[in-house]
Amino acid sequence: MGIDIRQATPNDAPEACALLRRSIEEGCAADHGARAEILQAWLSNKTLQNVTAWFSSPSNFAVVAVDGQQLAGMALLTQAGKLALCYVMPGQLHQGIGRAMVQAVEARARCWDIAKLHMHSPASSSGFFERLGYVNAGKDKACFGLECDFLWKQLNAVEAPASKRYCSCSGK
């Protein structure tokens with residue numbers, strides 16, 4: 001069975017919240033090194049209430065990767081051009097899930113006329129984003145106290161026929 005990438009809904013929030021927390025706790029262990037103060041700060045806003053709000057906000061675009069009946073990943077783009085979240089369930093890395101989610105949010109960014117995306121990435125994930133064309137601008141402190149890489153990517157404009165400029169993105 002293949003992976004389906006679709007827009008997240010508030011109904012996805014409970015499973016997405018659990019995925020975020022597990023991915024940070026397990027998948028990012030090399031980054032936080034089980035340091036309680038870093039891990040607690042990183043997880044502090046990964047609550048059901050916040051994830052529901054993120055998925056409900058019209059200024060965000062979130063996608064989930066669904067494998068059968070379970071979430072395998074989630075990503076969140078803000079209209080400010082920030083790739084705020086991109087996480088894949090531990091055990092499902094290196095299967096193209098992250099790449100597919102990033103491609104989906106980049107497509108939406110182009111529809112929103114966002115010319116450049118930016119993000120903070122833990123060191124263990126920076127190589128993944130660099131392979132997708134993101135430029136590593138150096139170290140920066142993330143809001144949860146972990147030293148992260150600041151990455152950015154210039155996006156190409158949405159190509160449309162010269163006679164008719166439109167975006168095929170849904171208005172959701």
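**View 1. The largest pocket of the predicted model.** The largest pocket has a volume of about 930 Å³, in a model that is predicted. Its lining is made up of 38 residues, and the closest to its centre are Cys86, Tyr87, Pro122, Ser125 and Phe129. The elements that contribute two or more residues to this lining are helix 1 (13–27), strand 4 (83–88), helix 5 (97–111), strand 5 and helix 6.

**View 2. Two cysteines, Cys17 and Cys86.** Cys17 has a relative accessible area of 8% and is therefore buried, because the limit for that class is under 20%. Cys86, which is among the residues closest to the centre of the largest pocket, has a relative accessibility of 18% and so also counts as buried. A search of the whole structure for disulfides finds zero.

View 3. Three strands make up an open sheet in the order 5-7-6, with antiparallel pairing. Strand 5 (116–121) and strand 6 (135–141) stand at the edges and have a single partner strand each, so that one side of each is left without a neighbour in the sheet. On average, and with direction ignored, neighbouring strands of this sheet are turned by 25° against each other.

**View 4. Strand 6 against strand 7, with helix 6 on the sheet.** Five bridges join strand 6 to strand 7 (residues 147–154) in the antiparallel sense, and Asp140 stands opposite Cys148 in strand 7. Helix 6 (residues 123–131) packs on the sheet, where it touches strand 5, strand 6 and strand 7, and the direction of helix 6 makes about 155° with that of strand 5.

How values were computed
Residues are numbered from 1 along each chain as its sequence is written. This is a predicted model: local features need pLDDT of at least 70, side-chain atom pairs count only at pLDDT 80 or more; totals for chains, interfaces and linings use all residues. Side-chain values use heavy atoms; hydrogens and water are left out. A disulfide is a pair of cysteine sulfur atoms within 2.5 Å. Buried means under 20% relative accessible area, exposed over 50%, partly exposed in between (1.4 Å probe, protein chains only). Two strands pair if DSSP finds at least two bridges between them. Helices (H or I, at least four residues) and strands (E, at least two) are DSSP runs, numbered from the N terminus. Axes are lines fitted to C-alpha atoms, for helices over the stretch in contact, and angles run from 0 to 180 degrees between N-to-C directions. Contact means heavy atoms within 4.5 Å. On a 1 Å grid over the protein atoms alone, a cavity is a set of points where a 1.4 Å probe fits but cannot get out, and a pocket is an open set with protein on both sides within 12 Å along at least five of seven lines; lining residues have an atom within 4 Å of a point. Grid points are joined across faces, edges and corners, and a volume is the space filled by probe spheres set on the points.
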